[in-house]
Amino acid sequence: MTSTFDKFFTFLFYRKGLAIFLLLAPLLLWLGVVYLGSLFTLLIQSFFSIDSFSGVIKREFTLESYYDLFRQSTNWDIIIRTTTMAFTVTVVSAIIAFPIAYYMAMYAGPKLKPILYLGVMLPLWSSYLVKVYSWKLIMAKEGILTWILNELGLLHLLDVILSIPVIGGTSLSFSYIGMFLVFVYIWLPYMILPIQASLERIPKSLLEASADLGGGPAQTFRKVILPLAFPGVVAGSIFTFSLTLGDYIIPTIIGNSSYFIGMAVYTHQGTAGNIPLAAAFSVIPIIIMMVYLMIAKRLGAFDAL
Amino acid sequence: MPSKWNLGTIGLKVATTLGFLFIHIPLFIIIMYAFSTDEKTFQFPLPGFTLKWFGVAWERNDIWEAIILSSQVATISTLMAIILGTLACLAVYRSKFFGREVISFLVILPIALPGIVTGISLRSAMSLFGIPFSTWTIVIAHATFCIVTVYNNVLARLRRSSHSMVEASMDLGANPWQTFRFVILPNIATALLAGGMLSFALSFDEVIVTTFTAGQQSTVPIWMLTEFIRPRQRPVTNVVAVFVILVTTLPILVAYYLTKEDEGGKK
């Protein structure tokens, strides 16, 4: 028994190609069949249609779902609303993340660095739902934020912010500002880490060279550090953008119940049972992400991942 | 660093401190609320302190069922991810062949695409082929996106460990299986464990893909989501939230210490 076993491995040893194939086959079968296969069926189903009377899905090629999708202006609103939110969240996350990443990479000593790193890792990995829920507690009317603002005598400021049209609302947890805050909070670590990694990779000698050549701190920052750190920012933005684009939990729990792409997909497939329309809808974020990833690749973000 | 950047340094320190407070305080607030005597609202300051809700949560069968299902799913998906991911790493790390980049891309794709896309794809495929929802449909979904954590951890370790040991083992007459068992496996053991831990935490916490592939069953995140939308006993939800923080945080700490050597070697 053992010898057949040994013989088999020795046999493989002289056939590198076969060995590699056998090692890869399970993964390729899994991802190829289960995952890509599913993506493909999704795409196929988006070309099916649903009979509006019987609710039965007709398995014939048609562009009806796409026509339905783009005909209604509310769907356009959903797409624009989601993309705008994803874009704003990305930009603000980058602005908040950069100084943190900069401090971690350039200033923190060897003792502080691992602590800070862990400090970003833990919230990144710890429960997504719990984090969303904690903001529900924080932003509730009788909750901690109201209390703090009240103690500081700034409660009227909150009312002013909430009275701003479009982004305001009845309370923080029922407004775009609240939703935006939660999105930034949840995805921020995803932005910090790639920026920190790309800053970490800048050779210190480059900074010295810049100083030797007469570059002031501001100049060095603008002409040396920023361009070299930019791929990291783009890498981080892939996460913040993609995650906001597909999220439907946050808009469900927090916000003024206006639809986001994820919620639309969920409702169309679930309550409405219109899988073709849901499929067509979910092709939108795929296309947006494909374009985004292509631009990101051009900007060198993949080397910074 | 130049000391003349003093003002800037102070600004940076302030920004970093604020940033860290921002990402950490909400988690502490959740923990605090699990001990509140307040039953109906989210009142602050807390009216009182109690341990009662931990007992109430302990007695609830629906919570236990969700925890058991989540643990089963996370364990099986992690094991599958470990097998699939490690085999692929062994193939990829020393050889160059056509389509190598494609594999890295394929592994990342399930988490790079929005969760809703992964979720609805799997669901639409399952409904198209008439696969009934069960624990296994959740496992299939979870294993798909768990592979990446194992793959990345193990591949990073393999790339950093020296190949001369493998060569020495072969020279001394060990066959590939013996080499794997006695040389490669001990080398990647901690990376495997770390990847496995992360994969477990990832699966235990996943909600979006799970809502599409779970049918009537509730994993812990699904249970929580239902409670957020239709609360029954708010304080119990807070207790479960604390439990979930522990279950997802501890594996990350362990994983971090297991791969710390790797990080040190990189810098």
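Student: In which helix of chain A is the place of W147(A)?
Tutor: Keep in mind that we're looking at a predicted model. Find W147(A) in chain A and look at the element around it: its place is in helix α7.

Student: Okay, and is W147(A) buried, partly exposed or exposed?
Tutor: Buried would need under 20% relative accessible area, and exposed would need over 50%. W147(A) has 32% relative accessibility, so it counts as partly exposed.

Student: Which elements give two or more residues to the nonpolar patch?
Tutor: The patch covers about 750 Å² of surface, and W147(A), I148(A) and L157(A) are among the residues that make it. Now check which elements supply at least two of its residues: they are α7 (144–151) and α8 (155–162) of chain A.

Student: Let's zoom out. How many helices and strands does chain A have?
Tutor: Take a part of the chain to begin with: UniProt, in an unreviewed entry, places "domain: ABC transmembrane type-1" at residues 79–296 of chain A. That span is 78% helix and 0% strand. For chain A as a whole, the secondary structure comes to 15 helices and 2 strands.

Student: Is chain A a compact globule or more spread out?
Tutor: The C-alpha atoms of chain A fill a box of roughly 70 × 60 × 40 Å along the principal axes. For 305 residues the globule rule gives 19 Å, but the radius of gyration of chain A is 25 Å, well over that, so compared with a compact globule chain A is more spread out.

Student: What does S134(A) touch, leaving out residues up to four places away in sequence?
Tutor: S134(A) is in helix α6 (residues 128–139) of chain A. Its relative accessible area is 0%, so S134(A) is buried. Look over to chain B for what it touches: P26(B) and I30(B).

Student: And S210(A), buried or exposed?
Tutor: S210(A) lies in helix α10 (residues 204–212) of chain A, and it touches G215(A), T220(A) and V224(A), not counting residues up to four places away in sequence. The cut-off for buried is under 20% relative accessible area. S210(A) has 12%, so it is buried.

Student: How far apart are the C-alpha atoms of E64(A) and A280(A)?
Tutor: E64(A) lies in helix α3 (residues 64–71) of chain A, and it is partly exposed at 34% relative accessible area. Along the chain, 216 residues separate E64(A) from A280(A), yet the distance between their C-alpha atoms is 9.8 Å.

Student: Which residue forms a salt bridge with D68(A)?
Tutor: Stay in helix α3 of chain A and go 3 residues along from D68(A), about one turn of the helix. The closest N and O atoms of the pair are 3.4 Å apart, and the partner is R71(A).

Student: How many residues apart in sequence are the parts that K113(A) and E200(A) tie together?
Tutor: These two form a salt bridge, with their closest N and O atoms 2.8 Å apart. K113(A) is in helix α5 and E200(A) is in helix α9 of chain A, so the separation of the parts they tie together is 87 residues.

Student: Last one: which residues are joined into one network by salt bridges that share partners?
Tutor: Head to chain B, where the side chains of D62(B) and R232(B) meet in a salt bridge at 3.3 Å, N to O. D62(B) is in helix α3, while R232(B) is in the loop between α10 and α11 of chain B. Follow the shared partners and the network joins R60(B), D62(B), E227(B) and R232(B).

Conventions:
Residues are numbered from 1 along each chain as its sequence is written. Chains are lettered from A and ligands numbered from 1 in the order in which they are written. This is a predicted model: local features need pLDDT of at least 70, side-chain atom pairs count only at pLDDT 80 or more; totals for chains, interfaces and linings use all residues. Side-chain values use heavy atoms; hydrogens and water are left out. Patches are made of residues with over 30% relative accessible area and no salt bridge: like charges are joined within 9 Å, nonpolar side chains (Val, Leu, Ile, Met, Phe, Trp, Tyr) within 5 Å. Accessible areas come from the Shrake-Rupley method with a 1.4 Å probe; for residues, only the protein chains shown count as cover. A salt bridge is a side-chain nitrogen of Lys or Arg within 4 Å of a carboxyl oxygen of Asp or Glu. Helices (H or I, at least four residues) and strands (E, at least two) are DSSP runs, numbered from the N terminus. Buried means under 20% relative accessible area, exposed over 50%, partly exposed in between (1.4 Å probe, protein chains only). The radius of gyration is taken over C-alpha atoms; the globule rule is 2.2 Å times the number of residues to the power 0.38. UniProt positions are given in the numbering used here, feature names are shortened, and annotations may be inferred rather than shown by experiment. Contact means heavy atoms within 4.5 Å.
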